[in-house]
Amino acid sequence: MSQQDPLVVFTPSGKRGRFPVGTPVLTAARQLGVDLNSVCGGRGICSKCQITPGYGEFSKHGVTAKEGALSDWNAVEARYDEKRGLKPGRRLGCQAKVQGDIVIDVPPESQVHRQVVRKAASARVIEMDPATRLYYIEVDEPDMHTPTGDLERVARALKDQWEIAQITCAFPVLSRLQPVLRKGKWAITVALHKTTKDATPQIIAAWPGLHEGGLYGLAIDLGSTTVAAHLTNLDTGEVVASSGIMNPQIRFGEDLMSRVSYAMMNPGGDAEMTRAVREAINTLAEEIAKEAQIDPSLILETVFVCNPVMHHLLLGIDPVELGQAPFALATSNHLNLTARDLDLTTLPASAQIHLLPCIAGHVGADAAAVALSEQPGKSDDLVLIVDVGTNAEILLGNTTRVLACSSPTGPAFEGAQISSGQRAAPGAIEAIRIDPVTKEPRFRVIGCDKWSDEDGFWDETAATGITGICGSGIIEAVAELRIAGLLDPSGLIGSAAQTGTDRCFAEGRTNAYLIHDATAEGGPRITVTQGDIRAIQLAKSALYAGARLLMDEMGVDVVDRVVLAGAFGAHISAKHAMVLGMIPDVPLDKVSSAGNAAGTGARIALCNLAARAEIERTVRQITKVETAIEPRFQEHFVAANAIPHATDPFPELGKVVTLPVVGFNTQGDGSDGGRVRRRKRG
Ligand code: FES
């Protein structure tokens, strides 16, 4: 190129260079390292290389682009426009040739590494850097005089046409390669997958001709209670369908340790649980593909995040070692497998499976995914991230250090083991307020935006009915009982006489509070019992004790901000979480919600190969704190039983709500009101 050659400036990258007249824009982009997509290699058939030329005066770039700075619209573009339609002003980068100085915009949909905007509040955007990409090639036909295999000629085509020096081929693809080549009349599209940036790519799928059906991946958050999946277009990063199912392993035990016990007590129990979860994932993949109306054979990658016990059971590894100190993992490294390895028969046998690394025996790939999504190690202020589920993952850190632990909260936060509890579904009470004067409740249910004292509420909920309380509902209910003076700091519900409301009624030797009675209409009687309060106290004490243990380790008494994560973390009210004493005292505006951070971490790893390497490095830098063997955990747990907390002052909370001074422990019935005893890890 010389100083007389036309100047080409690409936006938004700002990359610029001079190119001889007649250079295709795609070639110029490649030489400058501009991110411009192409599947067909410039043959004018894939349309991935669309660009928007800009004409006129661009003082910012020092360029004046005149009409005629690009070659005229050619027959290939005209044919494409006629068949599929090009947006006004667009050109195909492989067809338009440079004739004069020009500014060329690469729209997001033509960038391989485009950014995907996340709906969640958290700041991190996902940059596309997919591990699997499509390449269209034209392969030489076999020749008796120079005998070579079909695969060798495919490899040569990739080298000649895409400068890909070496490839391997997954065996299930090799077995179908010959008919695909012949059907495509020696033109095929291959999906090449790389496990790392510099790894040798492997052919994991092949289609006759130009494949236009797209590529998809699944990001799966495999939890003890639920399995959530996001079906993602690996070209655009768009989530095309999301779905979830219950983890069928629940029938072997509600929490992790009861599943480990099941495996210990029942020969073959681990294999039974492995089968159950793999079947569920097959069903989930089938359903989600159906919902998105795509062929499951197009799902070529899956990323799993899960806790260590789920991780081992998915892999078919007996989790027995995770049930006893020193809680050794079979492996803490990330894993690259295939669908065939895990019997995921809904997916193509060569579909790639990636499991994020585990942090330690009780801190799994789900916590690693939260770290990837929320990046505590890049935070200047000290952030506490709690991913609330049956087992809570807790991370505390800033740019200097990141600590992690898991805490056995049990399923109460998910509405399980609660007398009127249910999963978050239409009809479930998700929010509740109790009038401190009248002690009367009003509530909102999933599926209706109105409160129960607003006009139209009962009509709008007639179809679903009021069916129970979900996790966020029970947290609010317990906190509201405390705010309204119906519950004392030790967690005892007062009697009707002590509280002055008939909504408090005796139930055995303790009291309960009636939220809603639908028995007249054949519905349930929804109450909060003393047992429910105890279950929530257990869960919140475990959560708080875990957080406090990390704070001790960090040598701090306060944190700067708190992020609530987990599918249900998105719905927890910060004020109620603090009244309950679930989280340390911080200004309410410093509590934010990250939605399903583990699921987001899985999506990031699915869409971005570099992120997989990043989390590998990050995980090695996280200090893991073991709650199960730490005596201070027990101390913190006991101190955290009170609502909000017996010893830690909550001055920030005091600015928002005044908690009444009440005490109901003198019932004279000899009952301990169901004193809280620490749950075993699970
Ligand atoms: S590169 Fe495929 S149409 Fe231009």
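## Close-up views of a predicted model

**View 1. Helix α8 is a mostly covered helix.** Helix α8 spans residues 365–374, and ten of its ten residues are buried. Among them are A365, D366, V370, L372 and E374. This model is predicted. Just after α8 comes Q375, with a positive phi of about 50°.

**View 2. E393 sits in strand β21.** The strand covers residues 392–397. E393 has a relative accessible area of 3%. It counts as buried because that value is under 20%. Leaving aside neighbours within four places in sequence, E393 is in contact with residues including N307, H362, D366, A367 and S406. Of these, D366 and A367 are also buried residues of α8.

**View 3. One cavity turns up in the whole structure.** The search finds one cavity of 30 Å³ or more. The largest cavity holds about 40 Å³ of space. Ten residues line it, and the closest to its centre are L256, P308, V309, H362 and N391. Helices α5 (256–265) and α7 (308–315) each supply at least two lining residues. By type, the lining has four nonpolar residues, five polar and one charged.

**View 4. The largest nonpolar core has 92 residues.** In soluble globular proteins, nonpolar side chains tend to be buried together. Residues with the most contacts inside this core include L218, L222, F304 and L356. Helix α6 (residues 269–292) gives the most to the core, with nine residues. Not counting residues up to four places away in sequence, L218 touches L231, I288, V303, L347 and L606, among others. A second, separate core of 73 residues includes I434, I474, I483 and I526.

**View 5. R156 pairs with D140.** Side chains of opposite charge can pair when their charged atoms come close. In this salt bridge the closest N and O atoms are 2.8 Å apart. R156 is in helix α3 (residues 150–162), while D140 is in the loop between β10 (132–138) and α3. Both ends are partly exposed: R156 at 38% relative accessibility, D140 at 43%.

**View 6. K378 reaches E614 across 236 residues of sequence.** Their salt bridge has its closest N and O atoms 3.8 Å apart. K378 is in the loop between α8 and β20 (383–387), and E614 is in helix α15 (residues 609–621). K378 is exposed at 58%, whereas E614 is buried at 18%.

View 7. D557 is exposed, at 60%, but R548 is buried, at 7%. Salt bridges link R548, D552, D557, E630 and R632 in a network. The structure holds 26 salt bridges.

Key: Residues are numbered from 1 along each chain as its sequence is written. This is a predicted model: local features need pLDDT of at least 70, side-chain atom pairs count only at pLDDT 80 or more; totals for chains, interfaces and linings use all residues. Side-chain values use heavy atoms; hydrogens and water are left out. Helices (H or I, at least four residues) and strands (E, at least two) are DSSP runs, numbered from the N terminus. Buried means under 20% relative accessible area, exposed over 50%, partly exposed in between (1.4 Å probe, protein chains only). Contact means heavy atoms within 4.5 Å. On a 1 Å grid over the protein atoms alone, a cavity is a set of points where a 1.4 Å probe fits but cannot get out, and a pocket is an open set with protein on both sides within 12 Å along at least five of seven lines; lining residues have an atom within 4 Å of a point. Grid points are joined across faces, edges and corners, and a volume is the space filled by probe spheres set on the points. Ala, Val, Leu, Ile, Met, Phe, Trp, Tyr, Cys and Pro count as nonpolar, Asp, Glu, Lys and Arg as charged, and the others, Gly among them, as polar. A nonpolar core is a set of buried Ala, Val, Leu, Ile, Met, Phe, Trp, Tyr and Cys residues joined through side-chain atoms within 4.5 Å. A salt bridge is a side-chain nitrogen of Lys or Arg within 4 Å of a carboxyl oxygen of Asp or Glu.
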